[in-house]
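Colleague: Before I use any of these labels, I would like to hear what stands behind each of them. Please set every value against its cut-off and then conclude.

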Amino acid sequence: MSAGQRLLRPRAARTDPDLDGHRRTRHPAFEIFLWSRAAIWAAAVFALLVFEPSRHPEADRWDDPAVTRDLGYVTDVWARWDSVWFLRIAENGYGAVEGAAAAFFPLYPALVGLVGRLFLGHYVLAGIAVSLAASLAAFVLFYDLAEGKLGAEGARRALIYLALFPMTLFLQAVYSEAVFLLLTVAAFLLAERSRFLGAGVVAGLAVLTRPVGFALLPALAVIAWRAPDRRDALLRLAAAPLLFCAYPAYLWAERGDPFAFAK
């Protein structure tokens, strides 16, 4: 750094190295994550308290209080609709859940099941914790990916747009969206850094999270096609469909039908 550049630095940064180091190590995504999740959480609780008395008379068809009620409305607001399936699978596994359970892919309920046991059976809280942790990691990686293309200010704006997009309220619910977002961003970040085996593995995990994960493969293949050794890059991406095969194999052993997820 030249003498002129040192003189242009803010006084606090020149005279307080601890403060300067703190500013360098604090990732910009943390602040956006905290205020956006807190605001959405408050809005969800407000909506529950105000509109719950006049909810749809058949709302209980899409809820099961035996699995979605845990620590009170502050947390339970995030367990509705498809959360019932995820929570049942997390606690009991696919073999003990009848109906369309196989349509809910296994990675997210497996994580919730693991954390739920660590949380002494509080599976709703575990689902929220998994979603929030995945959301934070996704925000960090998304910022890093965008910064290389848009600069720091552009990355910050892009992340704010993502954080405030209406459907991102599911990023803290007992749903698989947060884990899927994390894996999607990570797959593209790895592919752009020419780490195609890692991108293939992460894309495979994304497919094991949501069936739309297959849509990642053509886009990743385009990046691999531009690599100096495209054949090797494409072969490494093949880890994704190979990894997904673990799910049909599991369903075959558990239910006798490897394609139960498609029915």
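**Labels and their cut-offs**

Modeller: Alanine 249 is partly exposed, because its relative accessible area is 46%, and that class lies between buried (under 20% relative accessible area) and exposed (over 50%), with a 1.4 Å probe and protein chains only. Please keep in mind that this is a predicted model, in which local features need pLDDT of at least 70 and side-chain atom pairs count only at pLDDT 80 or more, while totals for chains, interfaces and linings use all residues. Residues are numbered from 1 along each chain as its sequence is written, and side-chain values use heavy atoms, with hydrogens and water left out.

Colleague: Where does alanine 249 lie?

Modeller: Alanine 249 belongs to helix 15, residues 246-255, where a helix is a DSSP run of H or I with at least four residues, a strand is a run of E with at least two, and both are numbered from the N terminus. On that basis the chain has 15 helices and 0 strands. From alanine 249 to phenylalanine 259 the C-alpha distance is 9.2 Å, with a separation of 10 residues in sequence.

Colleague: Why is threonine 75 called buried, and what does threonine 75 touch?

Modeller: Threonine 75 is called buried because its relative accessible area is 12%, which is under the 20% limit. This residue of helix 6 touches Trp41, Val124 and Ile128, leaving out residues up to four places away in sequence; contact here means heavy atoms within 4.5 Å. Tyrosine 73, also placed in helix 6, counts as partly exposed at 45% relative accessibility.

Colleague: Which residues make the nonpolar surface patch?

Modeller: Phe46, Leu49, Val50, Phe51, Tyr73 and Val74 make a patch of about 610 Å²; membership needs over 30% relative accessible area and no salt bridge, and nonpolar side chains (Val, Leu, Ile, Met, Phe, Trp, Tyr) are joined within 5 Å. Two or more residues come from each of helix 4 (28-51) and helix 6 (73-76), and helix 4 gives the most, with 4 residues.

Colleague: How do you know that the buried residues of helix 12 are on the same side?

Modeller: In helix 12 (residues 216-225) the buried residues are Leu216, Leu220, Ile223 and Ala224. They cover an arc of only 100 degrees around the axis, so they are on the same side of helix 12; the arc is taken from the directions from the helix axis to the C-beta atoms. Their cover includes helix 10 (177-192), helix 11 (196-207) and helix 13 (230-237).

Colleague: What makes a set of residues a nonpolar core, and which members touch the most others?

Modeller: A nonpolar core is a set of buried Ala, Val, Leu, Ile, Met, Phe, Trp, Tyr and Cys residues joined through side-chain atoms within 4.5 Å. The largest one has 79 residues, of which Phe139, Phe196 and Tyr247 touch the most other members. Helix 9 (residues 123-164) supplies the largest share of this core, 18 residues. Leaving aside neighbours within four places in sequence, the contacts of tyrosine 247 include Tyr94, Phe104, Leu208 and Phe261.

Colleague: Why is leucine 120 called exposed?

Modeller: Leucine 120 is called exposed because its relative accessible area is 76%, which is over 50%. Leucine 120 lies in the loop between helix 8 (107-118) and helix 9 and has a positive phi of about 60 degrees although it is not a glycine. Serine 194, in the loop between helix 10 and helix 11, likewise has a positive phi, of about 65 degrees, without being a glycine, but counts as partly exposed at 49% relative accessibility.

Methods:
Patches are made of residues with over 30% relative accessible area and no salt bridge: like charges are joined within 9 Å, nonpolar side chains (Val, Leu, Ile, Met, Phe, Trp, Tyr) within 5 Å. Accessible areas come from the Shrake-Rupley method with a 1.4 Å probe; for residues, only the protein chains shown count as cover. A salt bridge is a side-chain nitrogen of Lys or Arg within 4 Å of a carboxyl oxygen of Asp or Glu.
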